[in-house]
Amino acid sequence: MAYFFPYSMKSFLNGFSFLRGMPQPYKRSRSLRRVKVKVSGGRTVTHYKKRKPGKAKCGTCGTILKGTLRERPLKMSKLPKTKKRPERPHGGNLCSKCTRSLIVEKARSQ
Ligand SMILES: [Zn+2]
């Protein structure tokens, strides 16, 4: 038996989606995103993951900020600070245009 089935019977049956039956109700909704993951053994499995948060926006003009990551809080806490926002004054809060105009305005007022 083991010779004909090198992997377990359960993983063999998992190859046929029609044999596994209906997915659990929370897996049927689209509130979770589906990520196809290739596992060892050559199978491709669908992993259900929470959706990523929205993109970071500029504090004054509201444009989408470049150089900022879009990840879940747990992954963000594990990443270095330099990967999360650009290394300049007001990086990650204001866009480059607004930062420039703010610096120019401050220099003129002094
Ligand atoms: Zn801006």
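Reply: The chain holds five helices and two strands, where helices (H or I, at least four residues) and strands (E, at least two) are DSSP runs numbered from the N terminus. This is a predicted model, in which local features need pLDDT of at least 70 and side-chain atom pairs count only at pLDDT 80 or more, while totals for chains, interfaces and linings use all residues. Residues are numbered from 1 along each chain as its sequence is written.

Read along the sequence, the elements follow the pattern α-α-α-β-β-α-α. Strand 1 covers residues 32–38 and runs antiparallel to strand 2, to which seven bridges join it; two strands pair if DSSP finds at least two bridges between them. Strand 2 itself covers residues 44–50. Within this pairing, R33 has K49 of strand 2 as its bridge partner, and V37 has V45 of strand 2 as its bridge partner. The two strands form a hairpin with five residues between them, and in that turn G41 has a positive phi of about 110 degrees. As a general point, side chains in a regular strand alternate between the two faces of the sheet.

As for exposure, a residue is buried if 20 or more other C-beta atoms lie within 10 Å of its own, exposed if 12 or fewer, and partly exposed in between, with C-beta atoms placed from the backbone. Strand 1 lies largely in the open, because the number buried among its seven residues is zero, and strand 2 likewise lies largely in the open because the number buried among its seven residues is zero. In the chain, buried residues make up 2% of the 110 residues.

R88 is partly exposed, because 13 other C-beta atoms lie within 10 Å, and R88 and T99 are eleven residues apart in sequence and 9.0 Å apart in space, C-alpha to C-alpha. H90 also has its place in the loop between helix 4 and helix 5, and H90 has a positive phi of about 60 degrees although it is not a glycine. H90 is partly exposed, with 18 other C-beta atoms within 10 Å. Helix 5 has 14 residues, and the number buried is zero, so helix 5 lies largely in the open.
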